[in-house]
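Welcome! Let's take a walk through this model, starting with its aromatic residues and moving on to one of its helices.

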Amino acid sequence: MADLDIFVYPMALAKMIHHTSSNVHKEVAGFLIGKVPDEKRIEITDIAIARQKGTSVHVTLNDQDQALIAERLEQEELNEVIIGWYHSHPKMGAHFFSSTDVATQKRYQFFLKQAVGLVLDPYKYIMSGQPIDLDIHAWRVGEGGAASDVPFKILKQTNKSIINILEHLQRQKVLKQAVSQIIYSLNPKLEESISEMLDVSLGGAVGGGAGVNIRKTLLFSFLIQALVIMGIFFMVWAIIILTF
């Protein structure tokens, strides 16, 4: 496989993280928008979200939407085209490319030989809030039909700036989802009311520390409750085993 320099714009990365974090129960996908300055370089400048059908292990993008997006890009005359696709592997990791993924990637590379497929699994990042836990890989298919995990770079962006983007996402939508999952596991009826309160607190967190403190307090409280429930469960289980 010929060497290809793949660059991702920071905002495009942020949008992908935001989209793939929107649902950790099924795969989601979108189109990669960008430029091809020459045969050995592509730049992912943006994404486009289309209608799709997804399950926990599969996702399909709408072909008509793809055609409409391609037509719009041509009309805008920004020298941008669909240069690939991205999708999520929720709770499964981004370190593999399935046979279905390979077949899909082949179609993209048939129309544009430099096309790339990005896979993201944001689950660990959502739960921990640590940028290092974001799992993302770029994939291409070689002439023999095998998928290869290929390197990519963030264009004109330092590691510190990337972390700032991830932390910004964490303070807003992404962390709300993490807290929501913890709440739902404890008491589904609490999820809606607490989520509304988080909307207010997270809004304040962007500009100050009040929302952050509320968020940390809630997380700590819910984690303690979860540990207590787990402790009770194992204690009851131990009593049953010893009794019978």
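## An aromatic cluster

Trp-85 is buried, with a relative accessible area of 3%; here buried means under 20% relative accessible area, exposed over 50% and partly exposed in between, using a 1.4 Å probe and protein chains only. Trp-85 and Tyr-108 form a stacked aromatic pair, 5.9 Å centre to centre with 0° between the planes. That pair links distant parts of the chain, with Trp-85 in strand β6 and Tyr-108 in helix α3, 23 residues apart. Rings of Phe, Tyr and Trp (its six-membered ring) count as a pair if their centres lie within 6.5 Å; planes under 30 degrees apart are stacked, over 60 edge-to-face, and the rest tilted.

The structure holds 4 aromatic pairs. In one of them, the ring centres of Trp-85 and Phe-97 are 6.3 Å apart and the planes meet at 50°, so this pair is tilted. Trp-85 belongs to strand β6 (residues 81-88) and Phe-97 to the loop between β6 and α3, so the pair ties together parts 12 residues apart in sequence. Phe-97 is buried at 11% relative accessible area, and Tyr-108 is buried at 12%. Together, Trp-85, Phe-97, Tyr-108 and Trp-139 form one aromatic cluster.

Helix α3 has 13 residues and reaches 19 Å from its first C-alpha to its last, close to the 18 Å expected at 1.5 Å a residue; the expected span is 1.5 Å times one less than the number of residues. Its buried residues are Asp-101, Val-102, Thr-104, Gln-105, Tyr-108 and Gln-109. They cover an arc of only 165° around the axis, which puts them on the same side of α3; the arc is taken from the directions from the helix axis to the C-beta atoms. The face turned away from this buried side carries the exposed residues Ser-99, Arg-107, Phe-110 and Phe-111.

What does Gln-109 contact, leaving aside its neighbours within four places in sequence? The partners are Ala-115, Arg-140 and Val-141, where contact means heavy atoms within 4.5 Å. Gln-109 lies in α3 (residues 99-111) and is buried, with a relative accessible area of 15%.

## The whole chain and the model

The protein chain has 7 helices and 10 strands; these are DSSP runs numbered from the N terminus, helices being H or I with at least four residues and strands E with at least two. Buried residues make up 41% of its 244 residues.

This is a predicted model: local features need pLDDT of at least 70 and side-chain atom pairs pLDDT 80 or more, while totals for chains, interfaces and linings use all residues. Residues are numbered from 1 along each chain as its sequence is written, and side-chain values use heavy atoms, leaving out hydrogens and water.
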